[in-house]
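Subject: Structure handover

Hello,

Below is the structure I said I would pass on. Please open it first and keep it on screen while you read the notes that follow.

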Amino acid sequence: MTNGWTDVSNADVVLVMGGNPAENHPVGFRFVMEARRKRKAKLVVVDPRFNRTAAVSDSYTPMRAGTDIAFLGGLIHYAIENKLYQENYVKLHTNASFLVKEGFDFAEGYFSGWDSGAKKYDRASWQYETDGQGFAKVDPTLENPRSVFQLMRKHYARYTPDAVANICGCTAEEFRKAAAIICSTGKPDRAGTILYALGWTQHSHAVQLIHTAAMLQLMLGNIGMPGGGINAQRGHANIQGSTDMGSWNNLPGYLKIPRANMQSLDDYLKANTPKALRPNSLNYWGNTPKFMVSLLKAYYGKHATKENGYGYSYIPKPGETENYGWGPFFDKMHKGGIEGFISFGMNPVANGPNTPKMLNALAKLKWMIVVENFETETAAFWNAKKLGEKFYPTFVDPTQIQTEAFLLPAACFAEKDGAFVNSSRWLQWKRAALPPPGDARPDQEIMSRLFLAVRELYEKEGGKAPNPLLRMNWDYTNPLNPSLEEVAREVNGREIATGRQLNGFGELKDDGSTVCGNWVYSGSWTEAGNMMARRGQEDPTGLGIYPNWSWSWPANRRILYNRAASNAEGQGWDPLRTPIRWDGERWRGEVPDYKADAKPTDYGAFIMLPEGVAKLFAADLVEGPFPEHYEPVESPVPNPLHTNVSSNPLATVFHGPLDKLGEAKDYPYVAITYRLTEHFHYWTKHVASGSELQSNFFVELPEELATAKGIKGGDMVKVTSARGHVEGPALVTKRIRPLKVAGKTVYQIGIPIHWGFVGRVRGPLVNNLTPSAYDPNSGTPEYKGFLVNLEKA
Amino acid sequence: MDSRLERFTVPERVTHWLVAICYVYAGLSGLALWSRAMWWLAPVMGGGENLRGWHPIAGVIFALLLAMQFRRWAAQMKLDADDRKWLAMSGRYAMHDEHGVPESGRFNAGQKMLFWLQSTSAIVLFATGAVLWFPEVMPRGLRLISILVHPLAAVASMGGIIVHIYMTTVVVQGALHAMTRGYVTEGWAKSHHAKWFRQVTRQ
Amino acid sequence: MQTVAKLIDTTLCIGCKACEVACQQWNDQEYTLGVFQNTYQTMPDLAPNFWNLIKFNEAEINGAQSWLMAKYQCMHCADAGCIKACPSPGAIVQLGNGIVDFNRDNCIGCGYCITGCPFDVPRLSPKTKKVYKCSLCSDRVAVGLEPACIKTCPTSCLTFGSRTDLKFLAEKRAEELKADGFTQAGVYDGPGVGGTNVIYVLKHADQPETYGLPKDPHIPWTVSLWKGPLKWLGNAVFLGGILTAVLHFVKFGPKEEHHRG
Amino acid sequence: MGYTINRRQFFQRSALRAGAAVTALGLDLKPAIAAARELKISRTTQTNSVCPYCAVGCSVIIHTLGDKARNVHPTVVHIEGDPDSPVNRGTLCSKGISLKEFVVNERRLTRPLHRAPGQAEWKPISWEDAYTKMARLIKDTRDRTFVEKDEQGREVNRLPSVAMIGGCTDTNEINYLLSKFRFGLGILSYENQSRL
């Protein structure tokens with residue numbers, strides 16, 4: 001979230017799309033209700049289902065799963081053509097005025113630079129025109145046809161209300177009604193927020209979709225504004241924190257993983273430290289060397305010296321174009337290329353796509369370690385034939401599975417301390433209330449003992465490449481069970497010579513004199529103590545910022561890009577909703593997303609970006625600098641905009657025997673999967689309360705389809721995709737409307753997740769159905785909008 | 001000394017007194033349930049929870065025994081022309097001025113009316129009682145009717161029983177003895193149930 | 001002595017069921033498993049171990065798709081049918097603050113309260129032979145805490161406070177809704193039972209049935225008749241019967257055998 | 001800074017939230033009834049925690065009964081929203097308010113289990129044996145498949161044959177340790193729930 005939960009109450013319009021907060025974030029949703037009470041805010045819901053959020057909305061528009069970019073592109077078009085965008089904001093805070101190189105173009109579904117052989121883009125034509133110093137050229141009037149603004153206008157000229165209706169399946173009138181409310185926030189004194197979740201991220205074009213939303217919010221002047229922003233409602237207690245600590249392609253703090261071609265630290269820093277693209281760009285990523293060196297010092301301690309590049313060579317390095325993400329490594333596992341697998345509290349058999357493939361992949365492992373509170377489908381995968389009953393007819397018996405499995409009992413949240421980062425980026429410290437049950441142990445102990453046991457073997461016996469392992473710093477007071485407070489202090493960072501805890505990342509050095517486990521968390525545990533455990537109730541700005549409650553990264557800043565809420569003079573677009581204000585000497589209010597004492601004119605508002613302003617045109621994404629509507633990899637219709645390039649040409653798909661994709665003639669219905677408010681993911685099927693509130697798996701389908709198929713509510717139905725099937729009672733409802741798409745009636749079917757083959761209540765895993773197709777930028781699978789068939793069981 | 005006539009057989013007496021015991025228990029516990037003013041009866045009747053449990057059971061036993069009694073006596077309880085005349089003149093009977101009041105058979109018309117009143121109210125009490133016994137399964141509409149009709153029938157029944165007890169213990173002396181020991185004197189029979197007396201002495 | 005109340009603004013209910021579970025947790029209820037019934041509603045009706053149920057109703061109102069959700073529980077009536085029907089003194093009590101509470105030590109399990117309740121709320125447990133319903137968390141209220149359901153409600157659909165304040169709030173909210181075009185919006189608080197201490201704000205107050213609420217709740221007339229006129233009739237019959245017998249005996253005495261020749 | 005607040009403070013705060021009027025109203029209870037039902041959290045220890053489910057980040061108060069004396073294992077009797085948190089102000093959803101059922105749950109794993117190749121069931125194993133076996137498996141795999149240099153002779157130090165996932169349900173500190181764990185071994189294939 002750019003803004004955070006409490007800030008939603010400042011909104012005038014709340015667009016909920018690709019999320020369902022009333023059901024999945026009920027407590028977060030209370031701020032939507034507060035916005036209504038405080039500001040008479042309007043709630044607009046765009047979703048395939050009339051869900052519980054829609055039930056309390058002011059405007060509901062149905063849509064076909066996977067067509068969000070068309071809808072949002074339509075909104076951009078609507079805002080431009082009806083002059084509803086906030087012109088001064090766009091000119092000041094975005095790259096609308098930047099000139100793009102000659103040669104950039106979009107035609108027939110492809111941007112310029114498409115290499116049909118390599119199936120990827122050469123992004124050379126997607127760059128700005130630069131002057132002699134390497135700065136981008138601009139046209140402040142926005143009239144130059146090569147300006148980002150004009151190119152964008154041209155790109156979305158095709159996204160008329162009728163075109164949107166034809167793709168999304170709502171009526172043009174419904175679209176216009178929703179658009180009028182949403183675009184009403186393109187005024188300085190109005191702010192609109194967007195709340196989204198996995199309904200936007202689980203697509204083969206997810207990142208582009210979110211880019212479209214960001215573009216819309218920039219056009220309407222809503223980024224940086226209290227009550228504005230683009231807000232991802234994250235689905236797990238510390239999914240934000242685990243992202244901050246890096247995945248396969250990131251080190252902690254969003255530092256990119258070194259690639260094999262960056263053999264020295266210098267190579268790495270050269271490749272990953274951006275240069276300013278405008279004279280007034282603060283370009284904060286220019287500090288990358290300080291972040292990286294401090295991290296390496298934290299990792300390798302006394303073994304990290306200037307001479308050895310601070311241990312840089314120990315960090316594992318993928319090849320330049322290699323992908324070690326979820327889709328590729330499970331595919332590799334399925335092909336027998338992976339021997340060992342470790343899962344700390346995750347359940348890929350249940351939550352990964354294409355369960356049949358997942359089971360077969362795990363069966364090829366030599367060993368597997370699962371650390372959990374409950375027995376999961378993953379831990380018990382080898383017994384899936386028996387436990388999964390009829391759903392895995394071709395899966396083998398346990399006797400034929402040679403995987404050696406360990407299931408280790410872990411302490412649950414109440415039995416450990418430490419910090420969770422919520423969606424608002426607030427690091428909230430918790431305390432242990434009781435010891436774990438029986439012989440269960442805290443995760444840090446399990447991990448440390450295992451790590452140190454391996455290390456001991458290397459110390460005793462030697463072995464291959466011992467240095468990366470032996471030199472990893474594990475020098476905690478109790479290395480076998482490190483105190484999380486001690487770890488948190490290391491993550492914050494300290495000055496090595498004095499041992500003084502750092503106040504923030506501003507104090508980091510690139511000379512090896514500071515350690516810091518994650519630069520974005522620097523400031524979370526200072527000499528003043530544990531900032532994450534603060535319980536202050538004050539709200540000095542009255543905007544719901546609560547600066548003394550817990551601690552927010554970065555630098556305890558609650559609204560990202562808050563400088564953009566002010567004009568060129570540093571005064572708020574809306575004087576009543578100004579997070580920071582320039583008083584002639586310094587910025588007052590919230591922690592400024594800006595240099596605290598720099599004049600408003602000194603720098604662009606987007607200090608992290610080389611441009612210094614926000615990017616409407618972004619060459620960073622692989623599919624193109626402007627988002628384009630592509631169909632899901634399985635679609636009931638060819639893309640009405642360009643039938644020959646229907647789905648995302650760069651989507652990550654696999655071609656093994658279990659990776660089949662279906663076609664509309666065999667699988668005519670569009671399916672989506674989602675959570676229900678009564679359950680949490682695949683956990684609460686082990687819990688009595690959730691089991692009572694929703695005991696049964698079910699399939700939600702439109703009344704019209706049910707009538708056509710002779711299905712009544714409660715009848716058993718079988719839903720089949722090219723991968724597998726599920727069975728359950730039908731919930732027949734008017735709340736899912738049949739849609740008219742490209743002249744054809746399209747039915748959508750809703751299938752809740754939450755059940756599996758182990759638990760207090762059991763049911764089929766919905767991921768029996770989902771395709772192994774992924775977004776190329778983020779690697780998220782396409783759970784929204786895949787094709788199925790449905791029949792009475 | 002008058003000779004003795006058998007008025008009620010052993011089975012008749014046993015049934016009557018069992019019916020009476022059940023009636024008294026159901027009636028008194030019913031009174032406790034009926035009005036908070038009568039709740040002082042509850043501890044005597046076994047306490048609230050037991051009372052709630054036993055009242056319907058007493059009712060069922062009562063109903064079963066009453067059914068036996070019904071089979072035994074129903075034929076003898078039919079009203080004839082004399083009975084109707086008796087009823088029309090019941091005021092005189094009450095004032096002990098029985099000139100012109102038709103002679104009675106084994107049961108006089110008043111007793112027969114009591115019989116029918118008790119039988120009818122027993123059926124009603126049984127039916128509505130069954131509804132009230134299981135409030136969690138019985139439909140609300142039935143419960144709403146029963147909650148009114150059950151006590152209504154009880155009131156009617158008890159009204160009759162007050163008369164019955166008064167008559168048989170105080171007014172018609174010897175009647176209680178007839179039901180306890182089973183026999184009456186000829187004089188008693190002659191003066192209260194002349195027709196019946198003639199019937200049994202003729203044999 | 002002020003009366004406490006719960007305000008349910010149904011326009012803010014998102015059917016999240018937090019109140020259902022808060023009630024289950026606070027009262028240490030035993031959880032059961034449900035049967036699928038083509039709805040999101042947890043179970044068809046209240047149960048001895050489930051005192052707080054959100055009713056879900058899909059309806060098309062004025063041509064617009066609606067999904068109405070409203071929480072259902074004891075209404076804590078000022079003129080409580082359950083108390084009226086209860087034979088066991090102290091089993092159901094109305095506290096000074098208006099809460100209608102069960103004291104199960106005194107409950108005899110007759111179930112009359114179920115019939116007496118205009119809202120059909122109390123439930124008899126076949127296991128314990130006692131009747132159960134919401135107590136408005138009288139134990140929490142006693143120490144200054146809100147009832148569990150109200151405290152947990154994320155959207156402020158539920159509010160706790162004095163009845164006077166909440167009635168005022170409810171009416172204000174209904175006026176707002178009317179101004180927003182919901183001309184039938186209104187407050188539902190059962191004037192037929194002397195006012196309920198659970199007050200609803202409904203968008204469609206003209207059709208409370210669509211929310212699963214009775215249209216014009218009052219204590220069933222048979223119960224009123226039973227506890228009113230019938231009681232007097234009964235008293236008249238019993239007392240009258242005994243009195244008449246005494247007078248009769250004094251005046252006429254017993255029947256003599258020699259009356260007839 | 002103390003995390004464990006005493007009962008009186010808890011009531012004071014909660015009462016503030018409920019409004020001063022409520023406190024006064026509550027005292028109108030007839031003593032007989034107030035005594036009949038004892039407040040179940042009147043003798044508990046309260047610990048501040050955060051809900052482990054979604055990412056709204058609601059603060060919760062865990063009520064435990066039992067001190068930490070030698071033979072006493074505290075048990076959770078109730079979990080309720082923390083009124084101090086600006087995020088949830090004491091509210092919780094249906095999942096959060098029933099967290100006790102998650103913590104105190106007969107389905108919780110309480111000892112390490114091991115499933116040998118080809119077997120159809122779990123067998124209990126001691127922690128010590130489990131660590132020994134796991135460390136040996138990891139070392140064997142690492143020794144056999146570790147890639148120090150790629151085909152072009154560049155130092156890459158990676159272990160491509162081991163994959164690891166997790167962390168999104170665990171704290172930052174554990175996630176940070178996980179990063180050390182995996183980079184120490186050379187694991188690149190690492191993902192968490194944010195990719196799904």
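I start with one residue in chain C. C:A70 touches C:I8, C:T10, C:C13, C:I54, C:K55, C:Y200, C:Y211, C:G212 and C:L213, leaving aside residues up to four places away in sequence. Please keep in mind that this is a predicted model.

Cores

C:A70 belongs to the largest nonpolar core, which has 412 residues. Together with A:V14, A:L75, A:A671, A:V719, A:I749 and V788 of chain A (A:V788), C:A70 is among the residues that touch the most other members. Helix α9 of chain A, residues 206-219, supplies the largest share of this core, with 10 residues. There is also a second, separate core of 7 residues; B:A178, B:V184, B:A189 and B:W196 are among them. As background, nonpolar side chains tend to be buried together in soluble globular proteins.

Chains and domains

Which two chains have the most contacts between them? Of the 4 pairs of chains that touch, it is chains A and D. Two other pairs do not touch. Chains A and B have no contact, and their nearest C-alpha atoms are 21 Å apart. Chains B and D are not joined by any contact either, with their closest C-alpha atoms 19 Å apart.

Chain C is assigned two domains: domain 1 covers 4-219 and domain 2 covers 228-259. Taken over C-alpha atoms, the centres of domain 1 and domain 2 of chain C are separated by 49 Å.

Chain B has 203 residues, of which 36% count as buried. Its secondary structure consists of 10 helices and 2 strands, in the order β-α-α-α-α-α-α-α-α-β-α-α along the sequence. The C-alpha trace of chain B spans about 60 × 30 × 30 Å along its principal axes. Among contacts in chain B with a separation of 6 or more, 64% are between residues 24 or more positions apart.

A sheet in chain A

Chain A has an open sheet of 3 strands in the order β15-β16-β21, with antiparallel pairing. β15 (418-421) and β21 (551-552) are at the edges and have a single partner strand each, so one side of each has no neighbour in the sheet. β15(A) and β16 (residues 426-430) of chain A run antiparallel and are joined by 4 bridges. A:G418 has A:K430 in β16(A) as its bridge partner. Chain D comes in here too: its helix α6 (residues 172-185) lies across β15 and β16 of chain A, at about 95° to β15(A).

Backbone details in chain A

The loop between β21 and β22 (580-582) of chain A holds A:P554. The peptide bond joining A:W553 and A:P554 is cis, with omega of about -5°. A:N556 is in the loop between β21 and β22 of chain A, and has a positive phi of about 65° although it is not a glycine.

A:H681 is not a glycine either, but has a positive phi of about 45°. A:H681 is in the loop between β25 (669-674) and α20 (688-693) of chain A.

Is A:N556 buried or exposed? A:N556 has 21 other C-beta atoms within 10 Å, and buried means 20 or more, so A:N556 is buried. A:H681 has 19 C-beta neighbours inside 10 Å, so A:H681 counts as partly exposed.

Regards

Methods: Residues numbered from 1 in each chain as written. Chains lettered and ligands numbered in written order. Predicted model: local features only at pLDDT ≥ 70, side-chain atom pairs only at ≥ 80, totals over all residues. Core = buried A, V, L, I, M, F, W, Y, C linked by C-beta atoms within 7 Å. Buried ≥ 20, exposed ≤ 12 C-beta atoms within 10 Å, placed from the backbone. Contact = placed C-beta atoms within 7 Å. Domains from an automatic or database assignment. Pairing = 2+ DSSP bridges. Axes fitted to C-alpha atoms, helices over the stretch in contact; angles between N-to-C directions.
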